[in-house]
Amino acid sequence: MPRFMYVNGEIVKRKDAVHINDVRDLILHIAADAPPPNWVKVEHARSIEKVVALLIPGILPSTLALPPLPTSATTNPNVPLSIPLPAESHTPIPFIASTYSHACPTRAPGDQTRMYSVLSEFFQCQVTPQEKAKRQAQRASQRAFDNTPSLYMLSLKEMIENDYPVPSYLADVFEKGPGWVETPQASEESTLLLPAEKRQSKIYAIDCEMCLTEDGKELTRVCMIDYESGIVVYDKLVKPPKPVIDYMTKWSGITEALLASATTTVAEVQAHLMPILAPKGGPTSILLGHSLESDLRALRICHPRCIDTAVIYHHPRGRPLKPGLAWLTKKWVNREIQTRGDSGHDPEEDARACIDLLKSKLRYGPTYGEYKTDFESIYERMGRASGRGGPGSVRSVVVDHGNPGVMHGAKANSNVPCTSDDEVLEGLLQAIPGHEFSFGRFTGIADALGWLTPKTTAAETPAVPVIPAEPSPSVLANAQATLNNQLITLYASLPPRTAFIIFTGHSDPRHMASLNARKSAFESAIRSGKKAEDIDKADWWTASDGRELEEEVEKAKRGLLFLGVK
């Protein structure tokens, strides 16, 4: 019978607790072809037929009557802790205490002042040396054969993964609402009949600015530049259809006075751009931009040929994270942009930055702007695994809140978007029989604890979060009881020889988030030209605050791991 056994002798040698990437690599060892880890031994790993991994933030040591983190210098805080039986601990989640013998401390990724995404760390892994060599050979052959702009156009798969509004003639995946248009489909035959010098698509860099109305974000300015000549071919202020609630000047550069004279509508912008995007007697133009899907949504245009600098250049921590345009331009073009502070961005400047980034790619080759350590999704790794019936035999599914198909589940065989933990349970019950690896996330307890906050976008000013009061005992107890019943139901449905892995990811992040918001607000005020004496002393950021932030980050990174096989 397969089973897990912690190797405490190896764990005590570690500087930190088991990392999230260690948990990921353990799963890849079981489900794919990764080498065995040294911190845990998996007996009869090949006998495990399925792996189910659950991320459940909010389960704390106190929930299971575990002792607090050891403070004695003679006690190692990273070794697994024995879980008291339910009768001894009176835990509100008796399933865990009766199913698992130990809780292994874990540590989330991050630096001294921030905790990074647990999901990104879990779902992204380094490629194997063999795959890396294969990719390098492919890039070299691409560079030798074709290093034209068309090499960097997004594939249909990439457009879908990055949430692009895809034209209906490419795939029926995007529903156009009122006021949407799509670039007409070009005829390949007519393009082939053109003279050779006219078969080359024109490239236009584009950037849009938005403001906030009662209907959400709306277009307020669009700038388009010809890639070859650098000439601005279109630059218009656009009148939103509804009254403006927030001009978002800090990002958009748009003010009430600037927009007062605008009369152009989105429909008029579309009518002007369409002949440029689909010129008569020529091939469909290529649009270039940064996170171009946002611009296309603002324009309400579906376009088939796109180059996205947020995709062809990499974030230093890998997918699915995307690099910011200002950072990319500074790093790879050695030029600073977006330096106007509270005056906001200039769309012409941003569009020209995209042109320079693409020209740098063409000058230095496909690997320019990528990092030496290549990353891939764990699902790509599982898909290539040959140990369980050959490549493609490990089928994977993500069952999660939101739309996992455009983020961490983009490379999985299946995705089940959910709006509640009940839907996550139902999705897992239906998906597990047909998949060798299943991932799900339950957020009910974290929500009851007040850990979940709505995400702010780049165009929203993050407010200093207020630490919410602790939840009422009845609210928390109800969330814990609900989770316990959900775990019992899920476990009962699992076939024998299924590895059932639960990890919490992190602890309470609210104090860390509050301190980081204070730090950011103070630094922003100083950058804007304010002197310390002009800022309320209560809003100063001090060395003492810095030390407190580092302590809170370390606390927030703590998590727990539970390993078992049914």
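**Figure 1. Overview of the predicted model.** The secondary structure of the protein comprises 21 helices and 21 strands, where helices (H or I, at least four residues) and strands (E, at least two) are DSSP runs numbered from the N terminus. This is a predicted model, in which local features need pLDDT of at least 70 and side-chain atom pairs count only at pLDDT 80 or more, whereas totals for chains, interfaces and linings use all residues. Residues are numbered from 1 along each chain as its sequence is written, and side-chain values use heavy atoms, with hydrogens and water left out. Of the 566 residues of the protein, 46% count as buried, a term that stands for under 20% relative accessible area, with exposed meaning over 50% and partly exposed in between (1.4 Å probe, protein chains only). The accessible surface comes to about 27,000 Å², and 53% of that surface belongs to carbon and sulfur atoms; accessible areas come from the Shrake-Rupley method with a 1.4 Å probe, and for residues only the protein chains shown count as cover. Among contacts (heavy atoms within 4.5 Å) with a separation of 6 or more, 70% are accounted for by residues 24 or more positions apart.

**Figure 2**

**Figure 3. Pairing partners of β9.** Two strands are taken to pair if DSSP finds at least two bridges between them. Strand β10 (residues 216–226) runs antiparallel to β9 and is joined to it by 10 bridges, with alanine 205 standing opposite isoleucine 225 of β10; the two strands form a hairpin with 2 residues between them. Strand β13 (residues 286–289) runs parallel to β9, to which 3 bridges join it, and here isoleucine 203 stands opposite isoleucine 286. Strand β12 (residues 244–246) pairs with β9 in the antiparallel sense over 2 bridges, and threonine 213 stands opposite valine 244 in β12.

**Figure 4. Surroundings of tyrosine 227.** Tyrosine 227 lies in the loop between β10 and β11 (232–237), and because its relative accessibility is 5%, tyrosine 227 counts as buried. Leaving aside residues up to four places away in sequence, tyrosine 227 touches Ile203, Tyr204, Leu288, Ile355, Leu358, Lys359 and Leu362. Tyrosine 227 and leucine 288 are 61 residues apart in sequence, and their C-alpha atoms are 8.7 Å apart in space.
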